[in-house]
Amino acid sequence: VSDQQAGRQVRGVLETVLGRAIAPSESVTRSTEPAWDSLRHVEILLAIEGVCDIRFDEEEMGRLDSLEKLVQAVERHRAT
Amino acid sequence: MYAEPPRRADLLALSTPWPTQDVRMQVVRNQAFEFVASALRPFLAFAGLTATLQYSDYDDSLSVPIDPRADVVLVWLDFERYGRLAPAELAVWLELRLQSMRAKTKAPILIGNHPGSSGESAELNRLLEKIADRLAGVHLADQAAIASSLGPGYRDDRTARLAATSLSDLALLHTARLMGLSWLPALLLPSIKAVAVDLDGTLYGGVLGEDGAKGLVASPEYLAVQQRLLALRENGIFLAAVSRNEPADVEALFRHRSDFAIRQDHFSVMAVSWGPKADAIRQVAKELRIGEDAILFIDDNPGELAAVASAIPNVRTLHAATPVLTGRALQAFPGLFRWSRSEADTLRIRDLAAAATREHNIKTAQDPNAYLQVLQVELGIGVDLRSQLERLTELSQKTNQFNTGLRRFGAAEVSRYIQEPHCHALSISLRDRLSDSGVVAAIFLRVDGEHAVVDEVAISCRALGRQLERLMIFAGIHRALAGKKVSSLSFGFTPGPRNDPARAWLISLDASANGAEVVTIPWHADEVRRELAAAPLRLTELGP
């Protein structure tokens, strides 16, 4: 599975959960996204796990607060 | 909707292009429900519902004000938080809390049971079942069954710490699916009464006209569909075959394929012809005496589904894309789930076969009394029977044709008619030499001094057409008013799209009543007693 695919999948989840379109090059972070509250954070993580067929570690779940970090985490889990 | 495993992202992405009915759901909880709720939305939309959720704070004591406007109350508990209480202690306390909620709302109350597998969990669940039996309109959301099917995958320690729920994503999604497609529709929507199923490509693989009976495929997946249909039939849902084939070929098919789980006599209606399937669905509705909107039509051909849906917009449809998907959908299609199998459900299928004989008899009888005599009719009358709570509620909720009030009483309201001293809920059973129809009529009345108000009479369509309506209603009311000095009776009437038979009966009581919302007649108990005594039928007391 290519890295590009991980990016598309994570962006797709964020678009669905946050309810807005996200451009491929756009940077999305929890601190600048009003809709990304604690409930939606969990929703995002669970949805990404289902789409990408991975399982985040509990320690990292709280730290994955941007699109970029989420993509990197997905790639990391797929590589191991 | 029926993917295995379900995927949260796919569900969240679904939108609803069709209109839905808004319902208000109050969630009384000590753990998060939000992650069920987000996935619940598309499932409910599939059932035609949109829920507005009203959450309590996380409160182990459940001391939450109940909103009387709620259409349904969900009690959503993490039982681990009551670990210091033994199951019996917890059950006693919970029953008190549920009683308190029951007193504040007429809405159905749904409570999740304990998902654990320990002896204590099982004990608590047994006690919860008894509580649900005792309290009107309280039902259990069977988390234990979901936990059993998922095993260790039901729990997720990460979400317990991060999201205030110990359910895994899979458990949350399975809960959402059952809640949206089975539990809530069973509480809030009319149920499906018949499944009309196509044959070729739906019930088996292949085309009868081309492959011949012996060439058709009965794979395990198709046999599972057949078994599932038979399970629905056991729950009182009629089966009908709707097929474009030669009737003789279909009869030969069922004769020759003894490996099929389903037989021709399992179908209450065989609508097999080369005509449009919309006509076949109308034939099914007519023969079963049910509305077209109470039918689920299943076909592997989307064109047929579209044609039927276009001709009969209210009919529900299911695309039998593959036998695996059909089998899954039949496990959880809105309107198919029943909280329990009632005696009425098992009698319903058998009773239909006797209806044709009765209709022939009534058409050929010269004298209505002679007709009743031949049938050996027996009416059982029960006054305020707690054991009939579920059936009385079902009759009020589901009866469309002979329903004077269309009040659609919930279990809590029916319970009040049973319990309160000046109110009565009457159950009337019907049996003749052809079949036992079970409890077919419900009457809800209030006594106010010398006047009685009949808020609703609901008679199952299975009991109509036997010229028994007047005798059934008067026999029931006569029994309920025995010993009371009632001299007048009024019937409330609410016009609806299909309750003309009820209106016609009220007009037969008072010809000037056409269009009236209340029909009042004098009540002479002695005259009614004489009329009942002269009628060629037997009156018995319906036991508890």
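How many residues of chain B are in contact with chain A, and how many residues of chain A are in contact with chain B? In this predicted model, 16 residues of chain B are in contact with 16 residues of chain A. The area buried between the two chains is about 1500 Å², and carbon and sulfur atoms give 67% of this area. Of the area that chain B buries against chain A, 43% is supplied by B:Phe35, B:Arg158 and B:Leu162, which is more than any other three residues supply.

Polar interactions also cross the interface of chain B and chain A, where four salt bridges are found, together with five residue pairs in polar contact. A salt bridge joins the side chains of B:Arg8 and A:Glu43, with an N to O distance of 2.3 Å. On the side of chain B that touches chain A, at least two residues each come from α1 (8-12), α2 (34-46), α6 (157-162) and α7 (169-188) of chain B, and the largest share, four residues, is supplied by α6(B). By residue class, this side of chain B comprises seven nonpolar, two polar and seven charged residues.

A search of the whole structure for cavities of 30 Å³ or more finds three. The largest cavity, with a volume of about 300 Å³, is lined by 24 residues, and B:Lys193, B:Arg348, B:Lys398, B:Ser460 and B:Cys461 are those nearest its centre. At least two residues of this lining are supplied by each of α14 (343-364) and α16 (389-398) of chain B, with α16(B) providing the largest share, four residues. The lining of the largest cavity consists of seven nonpolar, seven polar and ten charged residues.

The second largest cavity contains about 40 Å³ of space, and its lining includes B:Phe493, B:Arg503, B:Leu506 and B:Val519. Helix α19 (residues 500-509) of chain B contributes the largest share of this lining, three residues, and the lining residues divide into six nonpolar, one polar and one charged.

Notes: Residues numbered from 1 in each chain as written. Chains lettered and ligands numbered in written order. Predicted model: local features only at pLDDT ≥ 70, side-chain atom pairs only at ≥ 80, totals over all residues. Heavy atoms only, no water. Contact = heavy atoms within 4.5 Å. Buried area = accessible area lost by both parts, 1.4 Å probe. Polar contact = N/O pair within 3.5 Å; in protein donor to acceptor, adjacent residues only side chain to side chain. Nonpolar A, V, L, I, M, F, W, Y, C, P; charged D, E, K, R; others polar. 1 Å grid on protein atoms, 1.4 Å probe; cavity = no way out; pocket = protein on both sides within 12 Å on 5 of 7 lines; lining within 4 Å. Points joined across faces, edges and corners; volume = space filled by probe spheres on them.
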